[in-house]
Every structure is written in C-alpha cells, then in structure tokens.
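The following exercises concern a predicted model. Each task is followed by a solution in steps.

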Amino acid sequence: MAKDVEAVSGEGFQTRDYQDPPPAPLFDPEELTKWSFYRAVIAEFVATLLFLYITVLTVIGYKIETDSTAGGVDCGGVGILGIAWAFGGMIFILVYCTAGISGGHINPAVTFGLLLARKVSLVRAILYMVAQCLGAICGVGFVKAFQSAYYVRYGGGANSLADGYSTGTGLAAEIIGTFVLVYTVFSATDPKRSARDSHVPVLAPLPIGFAVFMVHLATIPITGTGINPARSFGAAVIFNESKPWDDHWIFWVGPFIGAAIAAFYHQFVLRASGSKSLGSFRSAANV
C-alpha cells in the first residue's frame, strides 16, 4: 500500500495525504450477504441491455437508410460517425448513471482489467460478466423483436471480420482498441489522480465515452468494433449465423489481452509502485 504526500501551492504550502485503497480480496463471502452487491449486478444487467438495444438499433437503422434496393441512398442515415457517436454516447450516459452503483463497467473486458488490478473481487467480476452477457442478449433480443422485418436482413449488428482483412489484423484491432478503452478507464477513475489534480474537474464518463467513440471510428471498417465481449456475444447469440460465430473468438481473446496490457501498464508502469521501484534501483546504483 503506497502513501504519498504532496505540496499544494497557495498562500503557503499545504500537504495532502493520499493513500491507495487496499486491493480487493479474491473472494469475500461477506459481499454475497449485501443487497448493494446484487443491486450492482442488476445495474450491470440493465445498463448492458440498454447499451445493446440503442446501439444495435442504430446500426440496423443505418443499414436500412443506405440500402438502395429498399429505397435508401448511399449517404443516407447516420453514417459511421453516427454509429460511433451512438456507442460512445451510450457509454457516457450509462457509466454516468451506474458508476455510483456498480462502477459502470458494462463490459467484461473492463471488468477483467479491474480484476487483474485487484479493484474488484473474483466473485463480483464473474457475476458482472454473466449479467453483462445476459443483458446484451436481452438487449439485442428486443431489437430483433421490434425490427423483425429488418434484423436478419441487415446482419443483426453482429461483429465479424470484414472481407479483405486477415485474422491477425482483426485481433490486433481488438487488442489495441480495448487497450485504449481500459487505459482510459484506469486513468479517468484513478483516485490518486483525483487527489493530485483536484483543481482540474474531470467527469470520468466523458473521456471513457470519447475513447469508445474514437475506437469505433478506427475499427468499424475492420471488425465492426467489438472491444466489448458482451456486445459481440449478445449479437452473435441472437443473430446466430456461422460467420459471426467463426470469428467470435477474436472478440473475447482480443479485448481480454488488451485489457490485461492496459492493467499492467497503468498499475506497474505509470503508478507509484513502478516508479518507486525504478527510483530505488537508481538510488542503489548511485551508492
């Protein structure tokens, strides 16, 4: 557990103590007896349901508007920019709404990264992932129910590797995209940063939503942008065609690798533990 003391300029010098919160236990039986735990799981389920409903519906609507055989035009609909805004905007909204209840993960890759960083317990992480996947299935199920005439025809919002791209390219896109997202999550929610930069107000959901937006702009043409295994899983289950299932492993392996790299980078390279270890090494070398 690290403790830092900072000087804050003003009329004089003030000190602000900062102490890292203790790591979450791997298994906490007491957690299972609290209503707040189950409330958080429910919040993850509902948030992921709403996320998939709005975003997949946006994707289907865009394809309807651009289908020339159905009276659409090439420049019709919201376009890739609008789809990216739908995903990023919904993450901003839902993280803002649920951050105080569940932490606003809405993504198994985010949960996995926070588990590796010991921010959540193993039990919480598993139940969050289950809730996220079930919420995603229900959200896409609602889209299919309300858009039954168009859902299958326009791909069901399912993720798959686009023609002309290799498996390695798709996997790399998912790894890098998820790294950007999870790195942003760690940075935006870092309590040490909040204590150090308290004069700079940061609304954490905003940079997280923008990270999702930017990654979608870059990777929609490659994989349709997963970076969220629950989003890919829910769409694959409801659409249930061979192509999304053949490529589905990319949308679990890539995001989990990206999340693990982001967790390592933030915790051991950027945070005090890594810098202090390097400082100790330099001090020893100078003796």
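**Exercise 1.** Determine how Phe210 and Phe213 are separated within helix H7, and classify their ring pair.

*Solution.* Step 1: Phe210 and Phe213 are three residues apart in helix H7, so about one helical turn separates them. Step 2: the ring centres of Phe210 and Phe213 are 6.3 Å apart, and the planes form an angle of 85 degrees. Step 3: planes over 60 degrees apart count as edge-to-face, and the pair of Phe210 and Phe213 is accordingly edge-to-face.

**Exercise 2.** Describe the packing of H3 against H10.

*Solution.* Step 1: two packed helices are described by the angle between their axes and the distance between the axes. Step 2: for H3 and H10 the angle is about 35 degrees, and the axes lie 8 Å apart. Step 3: the crossing in which H3 passes H10 is right-handed. Step 4: H3 contributes Pro108, Ala109, Phe112, Gly113 and Leu116 to the contact, while H10 contributes Pro255, Phe256, Ala259, Ala260 and Ala263. Step 5: sorted by class, these contact residues comprise nine nonpolar, one polar and no charged.

**Exercise 3.** Identify the geometry of the aromatic pair formed by Phe112 and Phe256, and state which parts of the chain this pair ties together.

*Solution.* Step 1: the count of aromatic pairs in the model comes to 17. Step 2: in the pair of Phe112 and Phe256, the centres are 4.5 Å apart with 10 degrees between the planes. Step 3: planes under 30 degrees apart count as stacked, and this pair is stacked. Step 4: because Phe112 belongs to helix H3 and Phe256 to helix H10, the pair ties together parts 144 residues apart in sequence.

**Exercise 4.** Characterise the largest pocket and its lining.

*Solution.* Step 1: the largest pocket holds about 940 Å³ of space. Step 2: its lining consists of 49 residues, with Leu114, Ala117, Lys119, Phe186 and Gln267 nearest the centre. Step 3: the elements giving two or more residues to this lining include helix H3 (108-116), helix H7 (205-223) and helix H10 (250-270). Step 4: H7 supplies the largest share, four residues. Step 5: the lining divides into 30 nonpolar, 13 polar and six charged residues.

**Exercise 5.** Carry out the corresponding analysis for the second largest pocket.

*Solution.* Step 1: the second largest pocket holds about 290 Å³ of space. Step 2: it is lined by 17 residues, and Val59, Lys63, Ala158, Ile220 and Gly224 are the closest to its centre. Step 3: helix H1 (35-65), H2 and H7 each give two or more residues to the lining. Step 4: the largest share, four residues, comes from H7. Step 5: by class there are 10 nonpolar, five polar and two charged residues in this lining.

Conventions: Residues are numbered from 1 along each chain as its sequence is written. This is a predicted model: local features need pLDDT of at least 70, side-chain atom pairs count only at pLDDT 80 or more; totals for chains, interfaces and linings use all residues. Side-chain values use heavy atoms; hydrogens and water are left out. On a 1 Å grid over the protein atoms alone, a cavity is a set of points where a 1.4 Å probe fits but cannot get out, and a pocket is an open set with protein on both sides within 12 Å along at least five of seven lines; lining residues have an atom within 4 Å of a point. Grid points are joined across faces, edges and corners, and a volume is the space filled by probe spheres set on the points. Ala, Val, Leu, Ile, Met, Phe, Trp, Tyr, Cys and Pro count as nonpolar, Asp, Glu, Lys and Arg as charged, and the others, Gly among them, as polar. Axes are lines fitted to C-alpha atoms, for helices over the stretch in contact, and angles run from 0 to 180 degrees between N-to-C directions. A crossing is left-handed if the near helix is turned anticlockwise from the far one by less than a right angle, and right-handed if clockwise. Contact means heavy atoms within 4.5 Å. Rings of Phe, Tyr and Trp (its six-membered ring) pair if their centres lie within 6.5 Å; planes under 30 degrees apart count as stacked, over 60 as edge-to-face and the rest as tilted.
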